[in-house]
Amino acid sequence: GSRNDDYGAPERNHARIAQLWSAFLGVDISPRDVCIMMILVKVSRDRNAPKRDNAVDIAGYAYLMDKMEEGL
């Protein structure tokens with residue numbers, strides 16, 4: 001939907017994020033790692049202020065990780 005229009009296809013967006021994080025950190029980051037790291041961001045936010053949106057996003061990142069591993 002509009003997220004694809006705004007950010008590009010999820011697999012491309014996460015690959016791009018992985019490349020940027022890898023360069024910044026000096027370690028290899030995979031698109032799967034990006035999903036896990038974003039889940040951790042949502043866990044931290046939820047720990048501070050529980051919101052349904054955090055749980056929905058966590059589920060979405062887990063789903064996306066699964067779909068990327070299947071090759072979308």
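Visitor: Among contacts in the chain between residues at least 6 apart in sequence, what percentage join residues at least 24 apart?

Guide: In this predicted model, 33% of those contacts link residues at least 24 apart in sequence.

Visitor: What makes up the secondary structure of the chain?

Guide: The chain holds 4 helices and 0 strands. Read from the N terminus, its elements follow the order α-α-α-α. The C-alpha trace spans about 30 × 30 × 25 Å along its principal axes.

Visitor: Why is Arg12 called exposed?

Guide: The term exposed requires a relative accessible area over 50%. Arg12 has a relative accessibility of 63%, and therefore it counts as exposed. Arg12 is part of helix 2. In sequence, Arg12 and Ile29 are 17 residues apart, and their C-alpha atoms lie 14 Å apart in space.

Visitor: Why is Trp21 called partly exposed?

Guide: Buried means under 20% and exposed means over 50%, with partly exposed in between. The relative accessible area of Trp21 is 27%, so Trp21 is partly exposed. Trp21 also belongs to helix 2.

Visitor: Which residues are in contact with Trp21, leaving aside its neighbours within four places in sequence?

Guide: Trp21 is in contact with Gly26, Ile29, Val34, Met37 and Met38. Contact here requires heavy atoms within 4.5 Å. As for Gly71, which is 50 residues from Trp21 along the chain, the two C-alpha atoms are separated by 22 Å.

Visitor: What share of the chain counts as buried?

Guide: Of the 72 residues in the chain, 19% are buried. The accessible surface of the chain amounts to about 5400 Å², and carbon and sulfur atoms account for 54% of that surface.

Visitor: How many positive and negative side chains does the chain have, and how far apart are the centres of the two sets?

Guide: There are 10 positive and 11 negative side chains in the chain, with the centres of the two sets 6 Å apart.

Visitor: What is the volume of the largest pocket, and which residues lie nearest its centre?

Guide: The volume of the largest pocket is about 470 Å³. Its lining consists of 14 residues, and Arg3, Tyr7, His14, Tyr61 and Leu64 are those nearest the centre.

Visitor: Which helices each supply at least two residues of that lining, and where does the largest share come from?

Guide: Helix 1 (2-7), helix 2 (10-25) and helix 4 (52-70) each supply at least two residues of the lining of the largest pocket. Helix 4 gives the largest share, with 5 residues.

How values were computed
Residues numbered from 1 in each chain as written. Predicted model: local features only at pLDDT ≥ 70, side-chain atom pairs only at ≥ 80, totals over all residues. Heavy atoms only, no water. Buried < 20%, exposed > 50% of the residue type's maximum accessible area, 1.4 Å probe, protein only. Areas by Shrake-Rupley, 256 points an atom, 1.4 Å probe, with all protein chains shown as cover. Lys, Arg positive; Asp, Glu negative; His and termini not counted. Charge placed at Lys NZ, Arg CZ, Asp CG, Glu CD. 1 Å grid on protein atoms, 1.4 Å probe; cavity = no way out; pocket = protein on both sides within 12 Å on 5 of 7 lines; lining within 4 Å. Points joined across faces, edges and corners; volume = space filled by probe spheres on them.
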